[in-house]
Amino acid sequence: MIDVPEIDEQHAGLFEQLETFKVSCIDHNAYQADEAEALFATLEAHCRTEERLARQSGLDFSGHGEKHRLMLRGIRKMLNDMEKPGADVFSLIRYVDYWFERHIQEEDRNLGINLRQVAFAEVGEQFADELLEQRVSG
């Protein structure tokens with residue numbers, strides 16, 4: 001949890017979707033391409049959400065965004081490789097699971113702190129402006 005509701009909800013959904021994908025692969029004893037592609041699409045949408053929130057808050061997202069792009073390219077390559085003989089879907093699952101956890105700990109927590117600081121500053125400025133208006137008119 002990074003205390004940004006939209007991102008926290010998406011993180012929870014991504015972990016749930018990953019778990020569903022894992023169970024489906026185990027149940028079928030095979031790679032489930034449709035579910036993998038749906039998970040990848042959700043992950044892409046999540047990355048866009050983080051970028052949008054950072055941009056709206058005026059934060060520099062270049063380093064964080066580059067990590068998203070590298071991760072998406074890596075996962076895309078692994079998904080493409082799943083079509084090759086001998087592909088190990090469980091390595092894919094472990095990689096995505098590890099990446100989610102590490103990225104949230106190392107990157108998204110800081111993003112959450114920065115987004116909350118910007119939001120707090122905006123509320124503080126609005127409160128200060130309202131207080132000054134009351135003093136001038138009162």
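Which helix holds both E106 and R102, and how many residues apart are they? The points below answer this and describe related contacts.

1. The model is predicted, so local features need pLDDT of at least 70 and side-chain atom pairs count only at pLDDT 80 or more, while totals for chains, interfaces and linings use all residues. Residues are numbered from 1 along each chain as its sequence is written, and side-chain values use heavy atoms, without hydrogens and water.

2. E106 and R102 both belong to helix α4 and lie 4 residues apart, about one turn of the helix. Helices here are DSSP runs (H or I, at least four residues), numbered from the N terminus. The two residues form a salt bridge, with the closest N and O atoms 3.0 Å apart; the term denotes a side-chain nitrogen of Lys or Arg within 4 Å of a carboxyl oxygen of Asp or Glu.

3. E106 has a relative accessible area of 44% and is therefore partly exposed. The class lies between buried (under 20%) and exposed (over 50%), using a 1.4 Å probe and protein chains only. R102, at 23%, is also partly exposed.

4. The whole structure holds 10 salt bridges. Among them, D81 pairs with K84 at 3.2 Å between the closest N and O atoms, and R73 pairs with E66 at 3.9 Å.

5. The charged end of R76 sits over the ring of F40, 4.8 Å from its centre. This requires NZ of Lys or CZ of Arg within 6 Å of the ring centre and within 35 degrees of the ring normal.

Notes:
Helix = DSSP H or I, 4+ residues; strand = E, 2+ residues; numbered from the N terminus.
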